[in-house]
Amino acid sequence: MDTIFAHATAAGKAGVSIIRVSGPDALKSCESMGAVLGEHDRRLVNLITTDGSLIDQAFSISFGPRRSFTGEQVVELQTHGSPAVVSAVLNRLGALGLRPAEPGEFTRRAMDNGVLDLAQVEGLADLIDAETESQRRQAVRVFQGALGDLASGWRTSLVRAAALLEATIDFVDEDVPVDVYPEVRTLIHVVSKEVRHEAAGVKVRERVRDGFEVALVGPPNSGKSTLLNRLAGREAAITSDIAGTTRDVIEVRMDLDGLPVTILDTAGLRESDDVLEGIGIARGKDRAAAADIRVHLMDNLSSDSVQSDFGLDIYTKSKADLVIPPARDGVSGETGYGMDRLLGQISSHLREQLAGAGVATRMRHQRALETAADALDTVTLGLTVVDMPVDLLSEDLRIAIRSLDSLIGRVDVENVLGEIFSSFCIGK
């Protein structure tokens with residue numbers, strides 16, 4: 001296998017930069033440039049050019065096979081973080097015959113060497129991209145192997161169920177001493193229930209990765225853009241008393257109590273002969289319909305909230321600053337009145353959706369889980385059919401097992417690996 005190298009920290013000036021080398025020639029190559037290390041070692045070294053002149057003084061660390069991130073011999077060179085130093089070290093490694101790493105190649109080697117499973121790789125990608133606390137916590141759970149642990153437990157139960165069924169095939173000409181069907185039903189029932197629960201929670205967990213959406217909805221001049229600007233802390237939207245000022249959906253991304261949220265300012269809802277405004281209103285309606293929460297800013301409507309299959313609708317009085325005294329349950333983007341109450345209501349609803357949502361975070365996970373659950377339902381039904389061939393039940397169990405195995409990369413994942421690893425930076 002090739003020995004690869006890459007700059008593992010961000011480009012540009014920095015106090016320290018890390019250059020990572022991984023593969024069978026890592027120690028020998030680094031020794032050629034002055035970093036003499038044991039298999040698992042650390043020391044301060046002078047990195048030199050081919051003629052012996054100093055490139056930089058660096059702290060070097062070596063990690064032996066099975067003790068490194070990739071599972072193979074790794075050396076990390078912690079140099080001063082100037083672009084000139086980094087460039088000189090990378091050029092020296094290339095001149096020694098090492099190959100620059102491709103995006104995600106270090107992580108791919110970690111999976112190929114059994115250090116990480118596929119779900120952990122996805123968790124690591126999410127951890128690198130995490131912008132909010134909830135995204136970080138969710139990514140860490142997957143990276144630590146929570147989904148793999150679930151899949152392993154389910155697999156053990158289903159392998160047990162398959163073994164019990166196939167025992168009846170092996171002893172078809174003899175009396176099987178125990179009726180195995182009750183235990184098989186119990187094993188399948190427990191696994192199927194847990195798998196369905198995980199599949200149902202993927203949508204909300206995916207929202208944590210990509211961000212929730214909250215749409216501001218209401219007639220023209222109801223204070224939507226002013227409220228958006230207050231939330232953004234800047235003039236993100238143009239505000240005026242002229243109806244139809246907002247013609248397209250304006251988005252502001254924010255961290256709401258650790259949750260990634262995009263606030264949508266939509267065009268005022270009204271009948272309009274203006275073609276462009278009409279397009280904006282139609283777009284606003286579509287985005288609002290798909291949002292997790294819709295905040296309806298109304299002039300003469302008591303505050304209320306309605307939960308539906310399409311999210312939460314919050315109805316609140318707008319422009320509370322124009323009423324003396326301000327409406328107790330109103331909101332004002334001009335003064336900030338009622339903002340804490342509104343944001344608290346939004347945050348509370350989103351956290352309720354997250355509670356007990358599970359570990360699976362991607363549509364790939366959902367498809368695998370649903371395929372497994374459907375196969376288990378087929379087995380459950382087959383167990384009630386008199387004279388149902390046991391080999392057919394066993395095959396459906398194997399389908400379920402293969403689907404769960406695909407969660408962590410045991411089978412059927414080559415078509416998704418390229419997309420997953422391409423999202424990583426070069427040094428990871």
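Predicted model: local features only at pLDDT ≥ 70, side-chain atom pairs only at ≥ 80, totals over all residues.
## Basis of the model

Residues are numbered from 1 along each chain as its sequence is written, and side-chain values use heavy atoms, with hydrogens and water left out. Local features need pLDDT of at least 70 and side-chain atom pairs count only at pLDDT 80 or more, whereas totals for chains, interfaces and linings use all residues.

The protein contains 14 helices and 12 strands (DSSP runs, H or I of at least four residues for helices and E of at least two for strands, numbered from the N terminus). Of its 428 residues, 47% count as buried (under 20% relative accessible area with a 1.4 Å probe, protein chains only).

## Helix H12

H12 covers residues 363–382, and its 20 residues reach 28 Å from the first C-alpha to the last, close to the expected 28 Å (1.5 Å times one less than the number of residues). Among the buried residues of H12 are Arg364, His365, Gln366 and Ala373.

## Packing against H13

H12 and H13, the latter spanning residues 390–405, pack at about 160 degrees with their axes 8 Å apart (lines fitted to C-alpha atoms over the stretch in contact, with angles from 0 to 180 degrees between N-to-C directions). The two helices are therefore roughly antiparallel, a term for angles over 145 degrees.

Residues of H12 that meet H13, with heavy atoms within 4.5 Å, include Ala368, Ala372, Ala375 and Val379, and their partners in H13 include Leu393, Leu397, Ala400 and Leu404. By class, this contact has 11 nonpolar, 4 polar and 1 charged residues (nonpolar being Ala, Val, Leu, Ile, Met, Phe, Trp, Tyr, Cys and Pro, charged Asp, Glu, Lys and Arg, and polar the others, Gly among them).

How values were computed
Parallel < 35°, antiparallel > 145°, perpendicular 65-115°, else oblique. Buried < 20%, exposed > 50% of the residue type's maximum accessible area, 1.4 Å probe, protein only.
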